[in-house]
Amino acid sequence: LGFIDSHTHAYLRGSEDLQLMASAGVEGLVLCSYFPIKPTGPSTLIDLYRWLMEEEPLRMEKYGLKSVAAVGIHPRSIPTRGVSKVMACLGTIFESGQASVLGEVGLESGDKHEEEVFFAQLQIAAERSLAVIIHTPRENKSIILEKTIALLEKSQVDMHRIILDHLTPELVPRARSLGVTAGITVQPGKTSAEEVGEILLKNGPEGLVVNSDLGNVSSNPLALPQVARYLDSNGFTRQEIEMVTRTNIRSIIAFQ
Ligand SMILES: [Zn+2]
């Protein structure tokens, strides 16, 4: 036991879910910044970061969960004005050590403005060797993934600290060939526990992390315990299960 859910928006869920996770053996989770509507100004995200860094860890602790906040501008949460103010705020947060993970960031439609906002954040990450959690969209996933990779290469971020998330099974080898970690989201309509098993058989457990992307859309607080149970009853070793549900993410992101 002792699962670490590498990508959640658990701040959008009630405490009943946190209790459920803790009682099923979830030990920690990453809280990724995301705001479900396009903010009209910079203070929305600046306050969101305060919420995730200052208040949520205390709420999580009450249920015995460790948490790490990832702050950044999600491509669907780019404010209509004041992006530079949010960027300056991120600079201050990372400089002061209040957070050390950038996320979730990336491209959704992949337009020019999204690319600029994403690239500016990658440069902050490259300067400080931050861990980065990167979103990939449902639509045009492989095309947008290639655009994302081109920007990663241009920014000179440390590939060993990058998680390319919400990948489909076919895209895992592409991510692994770059030395980045492949994130698999087990969620209704995304990847299933059976598919995680298939990915493991084909690619092995190195550089692979499983998460729930728990948030305001249909998602399962028990994704990790259920994947572990499925893998265990289908002949995968304890070590393989631990790597994809706990140790791989801990080698990129430090938990207390
Ligand atoms: Zn997410």
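Which elements cover the buried residues of α2? In this predicted model, the cover includes α1 (15–23), β2 (26–32), β3 (66–71) and α3 (83–96).

**View 1. Helix α2 spans residues 43–62.** This helix has 20 residues and reaches 28 Å from its first C-alpha to its last, close to the 28 Å expected at 1.5 Å a residue. Follow the helix along to E56, where α2 bends by about 40°; a proline, P57, comes within four residues after that point. Beyond the helix sits G64, which has a positive phi, near 80°.

**View 2. Helix α2 carries a set of buried residues.** L45, L48, Y49, L52 and M53 are among them, and E56, P57, R59 and M60 are buried too.

**View 3. Four protein residues donate to the zinc ion.** The donor atoms are NE2 of H7, NE2 of H9, an OE of E104 and an OD of D213, and they lie 2.1 to 2.5 Å from the metal. Angles among the 4 donor atoms run from 80 to 164°, and the site is irregular. To trace the donors along the chain, look for the spacing H-x1-H-x94-E-x108-D. H7 belongs to strand β1 (residues 3–8) and D213 to the loop between β8 (208–211) and α8 (223–233), so this pair ties together parts that are 206 residues apart in sequence. Both H7 and D213 are buried.

View 4. Setting aside residues up to four places away in sequence, Y49 touches S33, V71, G72, I73, V86, C89, L90 and I93.

**View 5. A10 sits in the loop between β1 and α1.** Why does A10 count as buried? Its relative accessibility is 0%, and buried means under 20%. Leaving out neighbours within four places in sequence, A10 contacts L18, L29, L31, E56, R59, M60 and L214. A10 and N216 are 206 residues apart in sequence, with their C-alpha atoms 8.8 Å apart in space.

Terms used. Residues numbered from 1 in each chain as written. Predicted model: local features only at pLDDT ≥ 70, side-chain atom pairs only at ≥ 80, totals over all residues. Heavy atoms only, no water. Helix = DSSP H or I, 4+ residues; strand = E, 2+ residues; numbered from the N terminus. Expected span 1.5 Å × (residues − 1). Bend = angle between axes of the 7 residues up to and from the residue. Buried < 20%, exposed > 50% of the residue type's maximum accessible area, 1.4 Å probe, protein only. Contact = heavy atoms within 4.5 Å. Donors = N, O, S within 2.8 Å, 3.2 Å for Na, K, Ca; no water. Tetrahedral: all angles 85-135°; square planar, octahedral: opposite > 155°, others 65-115°.
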